[in-house]
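Reader: I would like to learn how to read a protein model. Where do we start?

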Amino acid sequence: MNTPFIHRNLPRLLLQARESVMAHTRPRLREHALSDQQWRVLRVLGEHGVVETGKVAREAFILGPSLTGVLTRMERDGLIQRSRDPADQRRTTVEATDKGVQLVTTLSGAIEAHYAWMEKTLGKDKLAQLYALLDEVIALEQP
C-alpha cells in the first residue's frame, strides 16, 4: 500500500534519536537502579535546586499521576525529600537529598562525556545547530 505521506515521520525520528542517545545513558542509570523518569527528576533538581512539583512534572515531562509514584519511590530510596511550600501550603516542593545530589554529580560526568563525544563526532557547529533547531520546533508547536 502506498501512503500519501510526503514528509518523513518526524515524531518517530525524534523518538529514535532519543532512544539512540539514551542507549548510552541508560546502562549508567541502571547501575544505580534509576529509571529514565527518576533520572529526569534528578536532572531537573540538579539544574534548579528546590522545585515545585508542578514544575518538576513540566520540566521532566512526567504526567502528574505518574510523577506521584516516581517521587514516592525516590523518597523511599532516599534520593529526594518533599515538603510543603512555606509560601503556599497547598503546594509541594521537591529537592534532592545529599544522596540524590551525589548521584547527579556521579552520573553527570558520564553523561557530559557522552555529549562531548557527540560534539567531537558531529562537530560543535552541528550540535549547536541541532539544539537550535530543536528549540525552534518546540517553540513553533507551543500553543
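Author: Start with a cut-off: a residue is called buried under 20% relative accessible area, exposed over 50%, and partly exposed in between. Ser20 has a relative accessible area of 45%, so Ser20 is partly exposed. Ser20 lies in helix H1. Bear in mind that this is a predicted model.

Reader: Is His114 buried or exposed?

Author: His114 has 12% relative accessibility, so His114 counts as buried. His114 sits in helix H5. Apart from its neighbours within four places in sequence, His114 is in contact with Val21 and His24.

Reader: What share of the residues in the protein is buried?

Author: Of the 143 residues in the protein, buried residues make up 27%.

Reader: How many helices and strands are there, and in which pattern do they follow the sequence?

Author: The protein has 6 helices and 3 strands. Along the sequence the pattern reads α-α-β-α-α-β-β-α-α. For the overall extent, take the C-alpha atoms along the principal axes: they fill a box of roughly 55 × 35 × 30 Å.

Reader: How do I read the span of a helix?

Author: Compare the distance from the first C-alpha to the last with the span expected at 1.5 Å a residue. H2 has 13 residues and reaches 18 Å, close to the 18 Å expected. After H2 comes Gly49, with a positive phi near 80°.

Reader: Which residues of H2 are buried?

Author: In H2 the buried residues are Asp36, Gln38, Trp39, Val41, Leu42, Val44 and Leu45.

Reader: How do I describe the way two helices pack?

Author: Look at the angle between their axes; 65 to 115 degrees counts as roughly perpendicular. The axes of H1 (residues 10-31) and H2 (residues 36-48) come within 10 Å and cross at roughly 90°. H1 is therefore roughly perpendicular to H2.

Reader: Which residues of H1 and H2 meet?

Author: From H1 come Arg18, Met22, Arg26, Leu29 and Arg30, and they meet Asp36, Trp39 and Arg40 of H2. By type, the residues of the contact of H1 with H2 are 3 nonpolar, no polar and 5 charged.

Reader: At what angle do H2 and H4 pack?

Author: H2 and H4 pack at about 80°, and their axes are 10 Å apart. H2 brings Gln37, Gln38, Val41 and Leu42 to the contact, while H4 brings Ser66, Leu67, Val70, Leu71, Arg73 and Met74. The residues of the contact of H2 with H4 divide into 6 nonpolar, 3 polar and 1 charged.

Reader: What about a nonpolar core?

Author: A nonpolar core is a set of buried nonpolar residues whose side chains are joined by contacts. The largest one here has 25 residues, and those with the most contacts inside it are Leu34, Trp39, Val41, Leu42, Leu45 and Ile80. At least two residues of this core come from each of H1, H2, helix H3 (53-60), helix H4 (64-76), strand S3 (88-96) and helix H5 (98-122). H2 gives the most, with 5 residues.

Reader: Which residues is Ile80 in contact with, leaving aside its neighbours within four places in sequence?

Author: Ile80 is in contact with Leu42, Leu45, Leu71, Met74, Glu75, Val94, Glu95, Ala96 and Thr97.

Note on methods
Residues are numbered from 1 along each chain as its sequence is written. This is a predicted model: local features need pLDDT of at least 70, side-chain atom pairs count only at pLDDT 80 or more; totals for chains, interfaces and linings use all residues. Side-chain values use heavy atoms; hydrogens and water are left out. Axes are lines fitted to C-alpha atoms, for helices over the stretch in contact, and angles run from 0 to 180 degrees between N-to-C directions. Helices (H or I, at least four residues) and strands (E, at least two) are DSSP runs, numbered from the N terminus. Angles under 35 degrees count as roughly parallel, over 145 as roughly antiparallel, 65 to 115 as roughly perpendicular and the rest as oblique. Contact means heavy atoms within 4.5 Å. Ala, Val, Leu, Ile, Met, Phe, Trp, Tyr, Cys and Pro count as nonpolar, Asp, Glu, Lys and Arg as charged, and the others, Gly among them, as polar. The expected span of a helix is 1.5 Å times one less than its number of residues. Buried means under 20% relative accessible area, exposed over 50%, partly exposed in between (1.4 Å probe, protein chains only). A nonpolar core is a set of buried Ala, Val, Leu, Ile, Met, Phe, Trp, Tyr and Cys residues joined through side-chain atoms within 4.5 Å.
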